[in-house]
Amino acid sequence: ADLAAAKVSSPRDFDWVSQLRYYWRAKGDIVMKSTKKRNTKGECEVCIINAALLYGFEYLGNSDRLVITPLTDRCYRTLMGAFHLNYGGAPEGPAGTGKTESTKDLAKAVAVQCVVFNCSDGLDC
């Protein structure tokens, strides 16, 4: 409904590319980062803006999903961009704003394991 209201008419519109999208890539469609060679089997690719990750196929249980807000979308875009560049992510902000839950929900969306370290000023992390 939001995409229709925003009058998205092209697959290049920002309102579309800023959504988490799943694409099935056939054999030979993508160059694997690890080997610099074309994929030898079909792969599921998760994309947002210009970042792409391979779907992890890690079963993470049947838990509730997070309500997506504009802040959650922003967190997803930032973390996916970091992961695309082989970096990690450490959301920062006030307590109770959903940083941990957003990170865990993104990990679930791309089916990879997420390990969370809770650090505070009193801890040496």
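Strands E2 and E3 form a hairpin with 2 residues between them, and Ile49 in the turn has a positive phi of about 50°. Strands and helices here are DSSP runs, with at least two residues (E) for a strand and at least four (H or I) for a helix, numbered from the N terminus. The model is a predicted one, in which local features need pLDDT of at least 70, side-chain atom pairs count only at pLDDT 80 or more, and totals for chains, interfaces and linings use all residues. Residues are numbered from 1 along each chain as its sequence is written, and side-chain values use heavy atoms, with hydrogens and water left out.

How many residues of strand E2 are buried? The count is 6 of the 6 (residues 43-48), so E2 is largely enclosed by the rest of the structure; buried means under 20% relative accessible area, exposed over 50%, and partly exposed in between, with a 1.4 Å probe and protein chains only. Both faces of the strand are covered, with Glu43, Glu45 and Cys47 buried on one side and Cys44, Val46 and Ile48 buried on the other.

In soluble globular proteins, nonpolar side chains tend to be buried together. Leaving aside neighbours within four places in sequence, Met80 is in contact (heavy atoms within 4.5 Å) with Leu20, Val46, Ile48, Ala51, Leu53, Leu106 and Val110.

Charged pairs come next. A search of the whole structure finds 3 salt bridges, each a side-chain nitrogen of Lys or Arg within 4 Å of a carboxyl oxygen of Asp or Glu. Glu45 forms one with Arg25, the closest N and O atoms being 2.6 Å apart. This pair links distant parts of the chain, with Glu45 in E2 and Arg25 in E1, 20 residues apart. Glu45 counts as buried because its relative accessibility is 11%, whereas Arg25, at 24%, counts as partly exposed. Lys41 forms a salt bridge with Glu43, with 3.7 Å between the closest N and O atoms; Glu43 is buried, with a relative accessible area of 10%. The side chains of Lys104 and Glu101 also meet in a salt bridge (3.4 Å, N to O). Both residues lie in helix H4 (residues 99-109), 3 residues apart, about one turn of the helix. Lys104, at 38% relative accessibility, counts as partly exposed, as does Glu101 at 41%.

Helix H4 leads on to the largest pocket. About 620 Å³ of space lies in this pocket, and 26 residues line it, those closest to its centre being Ala90, Pro91, Thr100, Val116 and Phe117. H3 and H4 are the elements that give two or more residues to the lining, and H4 gives the most, with 6 residues. On a 1 Å grid over the protein atoms alone, a pocket is an open set of points where a 1.4 Å probe fits, with protein on both sides within 12 Å along at least five of seven lines, and lining residues have an atom within 4 Å of a point. Grid points are joined across faces, edges and corners, and the volume is the space filled by probe spheres set on the points.

Ala111, in the segment after H4, has a positive phi of about 60° although it is not a glycine, and this residue is buried, with a relative accessible area of 3%.

For the protein as a whole, the secondary structure comes to 4 helices and 3 strands, in the pattern α-α-β-β-β-α-α along the sequence. Buried residues make up 24% of the 125 residues.

Note on methods: Pairing = 2+ DSSP bridges.
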